[in-house]
Amino acid sequence: MEELSDLIAKNSLFVGLPDSTIELAVGCAQNVAFEPGARILVEGEPADTLYLLRRGRVALQVQRPSGKPLVIETIGPNSVLGWSWLVPPYRWQFDGVAIDPVGAVAIDGTCLRAKADADPVFGYALLQRISGVLLSRLQSTRVRLLDLYGHSLDD
Amino acid sequence: MTEAALTKPGPFVPSRYRVVDRKTETFDITTLWLEPVDQPIDAFEAGQFNMLTVFGVGEIAISISSAPGAPGAIEHTVRDVGTVSHALSQSAVGDIVGVRGPFGTDWGLASLDAVDVVVVAGGIGLAPLRGAMRYLAENKSPERTVALRVGARLPDQIVFPDEIARWGEMGIDVAVTVDVADAGWTGHVGVVTQILAELPFDGEGAVALVCGPEIMMRFSARSLIDLGVAPENIRVSLERNMQCGIAMCGHCQLGPYLLCRDGPVVPYAPLAAELITESER
């Protein structure tokens with residue numbers, strides 16, 4: 001069985017960071033698993049965890065007043081799930097539902113913030129990585145807004 | 001002069017083809033199966049296009065969506081976006097259309113026997129890639145892994161979904177994503193560049209075949225380069241206003257290219273990366 005430190009070090013958020021940084025995250029981390037259909041994030045509930053997905057997919061979705069929920073985005077293996085633990089009011093903005101059997105490393109957000117506050121070098125490295133992922137997600141969202149395959153751009 | 005030369009029509013004379021079958025792929029995309037009435041056009045390669053005529057309406061460039069050398073009718077997949085494409089889309093079995101071609105460059109399948117290949121298609125962009133995909137799926141090479149990445153706006157706008165599934169069963173690493181899911185969609189939701197990240201091979205040394213709207217091709221090319229694919233190993237299919245098909249009229253000029261002859265398939269680097277942002281004249 002792989003050590004938590006190895007699992008964290010392989011995730012895109014932490015890859016390439018020094019062992020000392022990984023070890024700080026290990027102190028806040030545990031392995032978790034979810035069955036298909038499990039609500040990993042619940043809209044409006046306290047956001048306290050950063051998930052590093054190892055296997056399986058998670059649908060970020062919103063519940064509609066009627067009908068099935070609307071899936072906004074799918075998050076897959078080696079990706080990162082959950083940002084709302086980072087900034088107030090620390091509440092999930094969307095539901096996160098396991099599509100497949102999901103394996104992840106769950107890192108306690110409060111613990112991670114406390115270590116980042118206490119060690120600015122660690123905090124800066126963490127925020128740089130998180131900003132990179134957030135930027136990538138923002139750009140993907142912007143690209144989707146372009147309606148790349150649609151009809152309005154060409155016709 | 002031989003009799004064959006005397007009877008061969010000039011480059012601007014279409015051969016008559018009969019619509020022998022048709023299939024509605026999506027609400028605005030239709031595939032037509034065409035068989036020759038007159039002398040058939042020459043053999044084609046995957047990625048090339050024909051000029052299709054609806055008599056009394058006009059002529060447009062349409063990529064060939066069947067595989068080269070395959071028996072039976074030639075397939076063209078048409079999106080209903082203008083006068084001629086609308087008339088083509090409305091063609092009934094038994095109708096006669098004109099065909100000139102084949103024209104332009106191809107995907108270069110002969111160069112792909114010993115390299116990993118990622119095929120990236122957006123929307124109807126899978127149609128010009130379909131012949132290449134059929135070839136890659138049916139002609140396995142122990143030295144080659146093939147990945148197909150498909151993006152569409154909505155689940156019901158994915159073209160050839162049954163064939164995509166079959167390619168997956170034939171060993172192609174397939175991933176499909178949509179921008180907007182509906183209630184029945186259980187697949188990936190997100191932009192096509194996101195599903196490029198999980199390739200089953202290293203980008204270095206791989207060849208990418210990319211076709212779709214040009215903005216999508218730009219973003220896909222950037223993501224492929226980030227994954228290590230050499231820019232000169234990315235082949236994109238560009239289209240401008242193809243008219244003559246034989247590099248005479250100049251309507252399809254894009255920088256130094258006359259795309260009806262030098263394209264539609266061109267390497268992303270060095271020229272296409274800059275030219276791809278130029279608007280159509």
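**Close-up 1. The open four-strand sheet of chain A in the predicted model.** The strand order is β1-β8-β3-β6 in chain A. Pairing is antiparallel. Strands β1 (29–34) and β6 (80–81) of chain A stand at the edges. Each has a single partner strand, so one side of each is left without a neighbour in the sheet.

**Close-up 2. Pairing of β1(A) with β8(A).** Strand β8 of chain A covers residues 102–108. Six bridges join β8(A) to β1(A), and the two run antiparallel. Within this pairing, A:V32 has A:A104 of β8(A) as its bridge partner.

**Close-up 3. Helix α3 of chain A on its strands.** This helix spans residues 109–118. Helix α3 of chain A lies across β3 (49–55) and β8 of chain A. Its direction runs at about 45° to β8(A).

**Close-up 4. The open six-strand sheet of chain B.** The order here is β4-β3-β6-β1-β2-β5 in chain B, with antiparallel pairing. At the edges stand β4 (58–63) and β5 (74–79) of chain B. Each pairs with a single strand, so one side of each lacks a neighbour in the sheet. On average, neighbouring strands of this sheet are turned by 40° against each other, direction ignored.

**Close-up 5. The β2(B)–β5(B) pairing and helix α3 of chain B.** Strand β2 of chain B (residues 29–36) runs antiparallel to β5(B), joined by six bridges. B:L32 has B:H76 in β5(B) as its bridge partner. Helix α3 of chain B, residues 126–138, packs on the sheet. This helix touches β2, β4 and β5 of chain B. Its direction makes about 145° with that of β5(B).

Conventions
Residues are numbered from 1 along each chain as its sequence is written. Chains are lettered from A and ligands numbered from 1 in the order in which they are written. This is a predicted model: local features need pLDDT of at least 70, side-chain atom pairs count only at pLDDT 80 or more; totals for chains, interfaces and linings use all residues. Side-chain values use heavy atoms; hydrogens and water are left out. Two strands pair if DSSP finds at least two bridges between them. Axes are lines fitted to C-alpha atoms, for helices over the stretch in contact, and angles run from 0 to 180 degrees between N-to-C directions. Contact means heavy atoms within 4.5 Å.
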